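Here is a friendly walk through one protein–ligand model, with its annotated positions, its ligand shell and its domains in turn. Have the viewer open as you read.

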Amino acid sequence: MRIDGKHYRTIWVAEDGWTVMILDQTRLPHEIEIAELRSLGDAAEAIEEMKVRGAPLIGATAAYGMCLGLREDVTDEGIERAYARLIRTRPTAINLRWALDRMRSRLLNQPYERRIELAYAEAAAICDEDVAICKAIGDHGLPLIRAAAARKKPGEPVNILTHCNAGWLATIDWGTATAPIYRAQEEGIPVHVWVDETRPRNQGAAITAFELLHQEVPHTVIADNVGGHLMQHGMVDLCIVGTDRTTRCGDVANKIGTYLKALAAKDNGVPFYVALPSTTIDWTMCDGLAEIPIEERGEAEVTHMRGRTADGRIETICITPKGSPAGNWGFDVTPARLVTALVTERGVCPASEAGLAGLFPERAG
Ligand SMILES: CSC[C@@H](O)[C@@H](O)C(=O)COP(=O)(O)O
């Protein structure tokens, strides 16, 4: 996708053939800064500090983290050490484990002298596949937006609510929840996106708004609690969000607050879609509420906010009384019964074990 007219992916390898380059998402939307990852530690910290974030991009960064780890130690022990360091960076997004498992099984049993080259090729393949998968999600999600457009007066935009950032900046390109929106834009279907701010880290206000602005998609940033009101007043035609882990039975873990939007959507008869690559499905789990690990992060993300002052300085300010404790759960689980449908690279299906098994029979038990 584009920033100031220039095409970017979220992660790539520098001309030296080994340094991994990322867009540092902690600097958005105020600064466009490209960061270099030159060691296993750099890659792990980039994920932990959320310089890169979003389930597919976390997986891709971990894959490149394995490459950087191999440059430090090419042995089997080196592979296991890199795996162990990267797997503990963030707990909820299943793409992390998926990418690490794929890298490990590709590399073990290979001659030492070929491992680094094979690792970079595998990480690049993971990225290229993610681009194709997200594009396919866009193709399959497009008819849902087209159908909503058919119910509107000519020229009236389809109002789409999204939460957090499941856009191209959460993937390699295209995004998951945003891919159908970008496809609709390409087709000339008028769309308008309600962007939940997504406290505490404001991925909606900072990142989704940034990417929609640069893609010239009409949008409005709203406070997290506004969505229910808009739905009650017929101002949302459909919701579409991403996910960090979806169980084989269709329960969906996504950024904290997603569940409340799904409840409001159900109450108001607004379709609630979840867009996901199959790499985000955890086939080992059924009951998301009981089984999906939910990331808890530091209090400061809740007690403090970061932004740019009128004179251009980036500042962090405290918004709570000194001494008030804060809780910071990063994700919640939306039960399958609240999800209208899942949009995957193979098509749209009910959020259920049978629905997913129908699209991915080779994975279903
Ligand atoms: C396309 S990825 C979907 C999710 O990863 C996204 O909705 C989300 O919740 C991201 O959370 P984050 O904590 O910013 O990594």
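Let us begin with Asp 244. Leaving aside its neighbours within four places in sequence, Asp 244 is in contact with Ala 55, Thr 92, Ala 93, Ile 94, Ala 253, Asn 254, Thr 280 and Phe 331. The loop between strands E9 and E10 (245-247) is where you will find Asp 244. Bear in mind that this is a predicted model. In the unreviewed UniProt entry, the annotation "active site" covers Asp 244.

**Annotated binding positions**

For "binding site", the unreviewed UniProt entry lists Arg 53, Gly 54, Ala 55, Arg 90, Gln 203, Asn 254 and Lys 255. Gln 203 is part of helix H7 (residues 203-214), while Lys 255 sits in strand E11.

Not counting residues up to four places away in sequence, Gln 203 touches Cys 164, Asn 165, Thr 198, Thr 208 and Lys 255. With the same exclusion of residues up to four places away in sequence, Lys 255 touches His 163, Cys 164, Thr 198, Gln 203 and Phe 331.

Are these positions buried or exposed? The table gives the neighbour counts, and a residue is buried if 20 or more other C-beta atoms lie within 10 Å of its own.

| Residue | Other C-beta atoms within 10 Å | Class |
|---|---|---|
| Gln 203 | 28 C-beta neighbours | buried |
| Lys 255 | 26 C-beta neighbours | buried |
| Asp 244 | 32 C-beta atoms | buried |

Asp 244 is therefore classed as buried, with 32 other C-beta atoms within 10 Å.

**Around the ligand**

Which residues come nearest to the ligand? Of the 18 residues around the ligand, these are Arg 53, Ala 166, Ala 170, Gly 242 and Lys 255. By class, the shell is made up of 6 nonpolar, 9 polar and 3 charged residues. Helix H2 (55-72) and strand E11 (252-255) each contribute at least two residues to the shell. Both domain 1 (2-128) and domain 2 (141-359) take part, with at least three shell residues from each.

**How the domains meet**

The protein chain is divided into domain 1 (2-128) and domain 2 (141-359), and their C-alpha centres lie 25 Å apart. Between them, 25 residues of domain 1 are in contact with 28 residues of domain 2. On the domain 1 side, strand E1 (2-3), H2 and helix H4 (94-107) are the elements that give two or more residues. H2 provides the largest share of that side, 5 residues. By class, the side of domain 1 that touches domain 2 has 13 nonpolar, 7 polar and 5 charged residues.

**A strand with both faces covered**

Our last stop is strand E12 (residues 272-275). In a regular strand the side chains alternate between the two faces of the sheet. In E12, Phe 272 and Val 274 are buried on one side, and Tyr 273 and Ala 275 are buried on the other.

Which strands pair with E12? Strand E9 (residues 238-241) runs parallel to E12 and is joined to it by 3 bridges. Strand E17 (residues 341-344) is also parallel to E12, again with 3 bridges.

Definitions and conventions. Residues are numbered from 1 along each chain as its sequence is written. This is a predicted model: local features need pLDDT of at least 70, side-chain atom pairs count only at pLDDT 80 or more; totals for chains, interfaces and linings use all residues. A residue is near a molecule or strand if its C-beta atom, placed from the backbone, lies within 6 Å of it. Helices (H or I, at least four residues) and strands (E, at least two) are DSSP runs, numbered from the N terminus. Ala, Val, Leu, Ile, Met, Phe, Trp, Tyr, Cys and Pro count as nonpolar, Asp, Glu, Lys and Arg as charged, and the others, Gly among them, as polar. Domain bounds come from an automatic or database domain assignment. Two residues are in contact if their C-beta atoms, placed from the backbone, lie within 7 Å. A residue is buried if 20 or more other C-beta atoms lie within 10 Å of its own, exposed if 12 or fewer, and partly exposed in between; C-beta atoms are placed from the backbone. Two strands pair if DSSP finds at least two bridges between them. UniProt positions are given in the numbering used here, feature names are shortened, and annotations may be inferred rather than shown by experiment.
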